[in-house]
Structure formats: structure tokens, C-alpha cells
Amino acid sequence: MLIEVREVNKTYATRSGDVVKALADVTLQVDEGEFVSVVGPSGCGKSTLLKILAGLVSLETGEARIRQEPVRGPRRDLGVVFQEARLLPWLTVLENVLVPARVQNLPAAQSRSRAQGLLQLAGLSDFAEKYPNELSGGMQQRVSIARSMIHDPSILLMDEPFSALDAMTREHMNVELLRIWSASRKTVFFITHSVSEAVFLSDRVIVMTARPGRIQEELTIDLPRPRTLAMMASPEFASLTGHLRSVFEAKGVGP
Amino acid sequence: MTTRSVTDALVETTSGRIALSAAAFVTFVCLWVFALWVTQLSAVIVPGPMAVVRALWDGLGPQGAFYHHLWVTFFEVIAGFAIGAGAGLVLGIAFAESRLLHVALYPYLVAFQTVPKIAIGPLFVIWFGFGMSSKVAIAATISFFPVVVNMIAGLESAEGERVEMLTAFCGSRWQVFRMVKWPSALPYLFAGLDVAIVLSVIGAIAGEFVGAQAGLGYLLLQFNYSFNIAGIFALLVTLSLMGVGLHLLVQRLRRRIVFWQQTSERVVSA
């Protein structure tokens, strides 16, 4: 088991002094090579869960382990993609992709050719020397995905990476992500509030509800791979998304 | 051609803009001459444009009398700016990075900032003498504040998301500073430097007013005593040319270095 979260609790103090329970007894596992999505409404603590795994936020009680080691801080075998691309505007696209390699002192020449390979994989070879503000939102997010993979991490943590994009771009990015993923076969832990995105991408979907953030259900997605956008019109797809939506409806919250 | 398109042509083309500025200048000179003719003021009190041009030629022509003083003031401005801006930069970093320093000293910095720095001039002349060092000290003190305040604001402006991104990839505190905070602060730093270089000129001149043996401010007082009003006008033109030149130099540097951000950032007033 690659990622193991056991009975994790986390509370936040809001600015007004209220205490909000972000995560309540969250337990989950992710296996090597698996694509797992956590879907839930905003404010259900799913981003907090990702930040705990990324070593950016500490947990209160419970345990989070990666490769059997408790998470104590950022790790080099993780790649993180955030909701916003978070590119550095003073660096070129290529230099942005190289940021984690520079930070971790990886050999420069090797990283450079790797970055070029990743940009090619992301369909951005022609933009390597451009600056981020010359790119569209979708392209910027693809750069940030390439960046998350430059140090060849075995795990990708993705925090609603496509939620800022329009619906068309988003579907296109989903297909792109699956293409990149199938070429690299990394373990992906994907956060989203879109039920159909979760079903389309994942091997397994974990449903979280809010206040407190709690896991309601896990669902294995047995749609064949490679997946195509046409599958989204299939009855199997509809029954999976329909089932997930009914879980939220039963709790009175829409994702 | 309608009136509207004539205006557009003047405002939106480089040659049109130059023509407009030139027209404004000619109008100004004409009004100046006209006002002198109407008021019949003595040329001793208010010189005409030609007298000022002559004084400028005497000062900045081949045998110009200003050069020695110009270099003295220029050196004071540059040295004061370098020392003040350098100190502001280092202290700004220290304040932004050390919570302890910030809490302990920042209130005093703000309090000291409200002191009109020119008022310290006489004190500095006593401490550093009538030579250039007292003017350098005043120029340094006056250039220090806009730089330190903007440096702090700039480093604190670094987006938390970007800092978190670098941290997530195992970036150390030093790497976060070098790769995220420092570049984020550069637009602010340049805004501070821009204010500081102009203030540095004011500081040097104010210092020379208090007591000096050379410099444009010293020369200005000499001209004042001898009622050389055209000379004073010529000195004012020289000083503003220096100020504008230095300001443009900083702007040029800013555009080169902070290339990713072409709109000027808001300046923290100092």
C-alpha cells in the first residue's frame, strides 16, 4: 500500500474564533499505480486531506503514511498540482518546469532534457521559451502538471487542478491527463468537486461530505481504459455518476 | 478630418506627442515674454527667456562655470543614494524575514520616518563637517526610507500560494526567499528606488544650503546673494535635468529587470 490514511482528524479555528472540524475519522488507502479521486462539495476538507499528504499541513490525531513512513513534511517522491497553476512569471515555461529539479539539486543537463520531454508530452514544446503570461489558463495548468513530474515522483497529488477552466477546456485536459498518466503510470491522488470528472478519470472514487469532512462511500470504476469522451454518454457512465450524486442528495449536499 | 481624429492623431503618435509638447513649450515661453511686457517687471527680478538661455550657456557651455559644482552635487547624490538605498535594502530584508526585528524596531522606523529629514541637515553638518560627507549623509538618510518601506512591502507581497508551491517541492527557506520572495519584491524595490533617487537630489541640495564649499545648492545661494536671478533659473533647469535623467535611468533599469510586469506597482509613500 502506497498511501495510507488512518482515522485522521483535523480542526480549524476560523478568524471569528469558531472551531470547524475539517476532517473526521478519515481513513483511506491508495495502491501503487492507482488513480484515486476524492469528490465532495467545497469546504468538505478534501483539500486539507491533500495538504496533509503533501506535508504542508499537520494532522491532529490519526496517521498519514506514505510508503509506511509517517508524513512529517514535504517529500521528494511527491509531485503536487494546485488549483491555480502557480507558475513564476519571471521564469520561462521551461525554467518553471525545472523549479522542483533546481530546488532538489538534481543534475541540470539531465533535468533539462527531461523537462523538454515532459513539455512535449504536454503538447507545449513550442512554448518552452515563452513566459507564463503569454499562455492560456489551460496551457499554464499543463505546465504545472509537467512541473509536478520533473523530479520523477512516484505519486501525484492534484488539488482540483482543472476547476478554474471552462467546461470545454476541462474535458480536453481530462483526456490529456489520462494520456500523460498512461505514459508514466504514476499513482494519482486527485481532488475534485466534479462527479463526472472523478468517474471519467479514476480507478476508484472516494465520496466525502462536509461538516465534518467524512468519507461516505468508495466506488470502484470499472470502465475500460483507455477512456474516451464518448464513454461519458454511455449508460454505465450515467449509472456510476447517478449513484454518486444520489449519495450527495441523501446527505442534502450537492458537490 | 474631424476634430476628433486630429486629436487622436496628435495624442496617439510619437511625432504627434512631440509636436504637442513642443507647442506647449512655445506657448509657455510666449506667455512668459508677454507677462514681462505687460507687468514691466525689472529684468533683474524676473529675467526673460533669453537671459536664462545665456545663463545656461555660461553654466553648461564649453567653458561652463557649473561643471565643478555639478560633479560635486552629482557625487553627493549618487553616493548618498547608494548608501541609503543599500542600507534600506538590507534592513528591509532583515525586517521582512525576522519577526523579532520587525516587532522590536518597526515602530521606531515608522516614527523616524515622520521626521522631516531636511531638519536633520544642520546636525549632520556639525557631525560630518562642511565637506561632501555631510551632504552624502543627508542624501543617504532621505533615500533610505522609501527603499526600506518598499522592500518590506515587496517581500511581504510574495503570494502565499507560490511560497507554498516551492515548499511542497521541498524548497528551503533560503530557496523560497531567492526564487519567490526576492523576484516578487523587485517591482516594489524599483518603485522605492525611483522615489529615493529624486529625494537624494533634494537631500544633497538641502545639505548644501546648510553649509557647503561647493555644489549646485551652494552656487544657488551665491547667485541669490548676488541677485543673479537668471543664474538661479539656469541652476534650477540643471537640477531638474539631473533629477529627470536619474529617474529615467531607474525606469530603464526597472523595465529591463522587472520585464514580466510592465505596469508600475503602487508606491508605498515615504
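This is a predicted model: local features need pLDDT of at least 70, side-chain atom pairs count only at pLDDT 80 or more; totals for chains, interfaces and linings use all residues.
Me: How many helices does the secondary structure of chain B come to?
Reply: Read along the sequence, chain B follows the pattern α-α-α-α-α-α-α-α-α-α-α. The secondary structure of chain B includes zero strands, and its helices come to 11.

Me: Is chain B a compact globule or more spread out?
Reply: Taken along the principal axes, the C-alpha atoms of chain B fill a box of roughly 75 × 65 × 35 Å. For 270 residues the globule rule gives 18 Å, whereas the radius of gyration of chain B is 23 Å, well over that value, so chain B is more spread out than a compact globule.

Me: Which helices of chain B do the buried residues of H10(B) pack against?
Reply: Helix H10 of chain B covers residues 216-225, and its buried residues include B:Leu216, B:Gly217, B:Tyr218, B:Leu219 and B:Leu220. Just after H10(B), B:Phe227 takes a positive phi of about 60 degrees. The partners against which the buried residues of H10(B) pack are helix H4 (67-97), helix H9 (173-210) and helix H11 (229-257) of chain B.

Me: Which element gives the most to the side of chain B that touches chain A?
Reply: The contact takes 17 residues from chain A and 14 residues from chain B. On the side of chain B that touches chain A, the elements that give two or more residues are helix H8 (160-168) and H9 of chain B, and by class this side has eight nonpolar, three polar and three charged residues. With seven residues, the element that gives the most to this side is H8(B).

Me: Which element gives the most to the side of domain 1 of chain A that touches domain 2 of chain A?
Reply: The domain assignment of chain A gives domain 1 as 3-77 + 154-251 and domain 2 as 88-153, and their centres, taken over C-alpha atoms, are separated by 25 Å. In the contact between them, 15 residues of domain 1 of chain A meet 12 residues of domain 2 of chain A. On the domain 1 side, strand S7 (155-159) and helix H6 (167-184) of chain A are the elements that give two or more residues, and the residues of that side divide into nine nonpolar, three polar and three charged. With six residues, the element that gives the most is H6(A).

Me: How many of the residues of strand S8 of chain A are buried?
Reply: From S8(A), A:Thr187, A:Phe189 and A:Ile191 point one way and A:Val188, A:Phe190 and A:Thr192 the other way, and all are buried. Strand S8 of chain A, residues 187-192, is thus mostly covered, and the number of its six residues that are buried is six.

Me: Which residue stands opposite A:Phe190 in S8(A)?
Reply: Strand S3 (residues 35-39) of chain A runs parallel to S8(A) and is joined to it by five bridges, with A:Val36 opposite A:Phe189. S7(A) also runs parallel to S8(A), and five bridges join the two. Opposite A:Phe190 in S8(A) stands A:Met158.

Me: What is the handedness of the β-α-β crossover from S7(A) to S8(A)?
Reply: S7(A) and S8(A) run parallel. Between these strands the chain crosses through H6(A), and the handedness of this β-α-β crossover is right-handed.

Technical notes: Residues are numbered from 1 along each chain as its sequence is written. Chains are lettered from A and ligands numbered from 1 in the order in which they are written. Helices (H or I, at least four residues) and strands (E, at least two) are DSSP runs, numbered from the N terminus. The radius of gyration is taken over C-alpha atoms; the globule rule is 2.2 Å times the number of residues to the power 0.38. Domain bounds come from an automatic or database domain assignment. Two residues are in contact if their C-beta atoms, placed from the backbone, lie within 7 Å. Ala, Val, Leu, Ile, Met, Phe, Trp, Tyr, Cys and Pro count as nonpolar, Asp, Glu, Lys and Arg as charged, and the others, Gly among them, as polar. A residue is buried if 20 or more other C-beta atoms lie within 10 Å of its own, exposed if 12 or fewer, and partly exposed in between; C-beta atoms are placed from the backbone. Two strands pair if DSSP finds at least two bridges between them. A crossover is right-handed if, with the strands pointing away from the viewer, the path from the first strand over the helix to the second runs clockwise.
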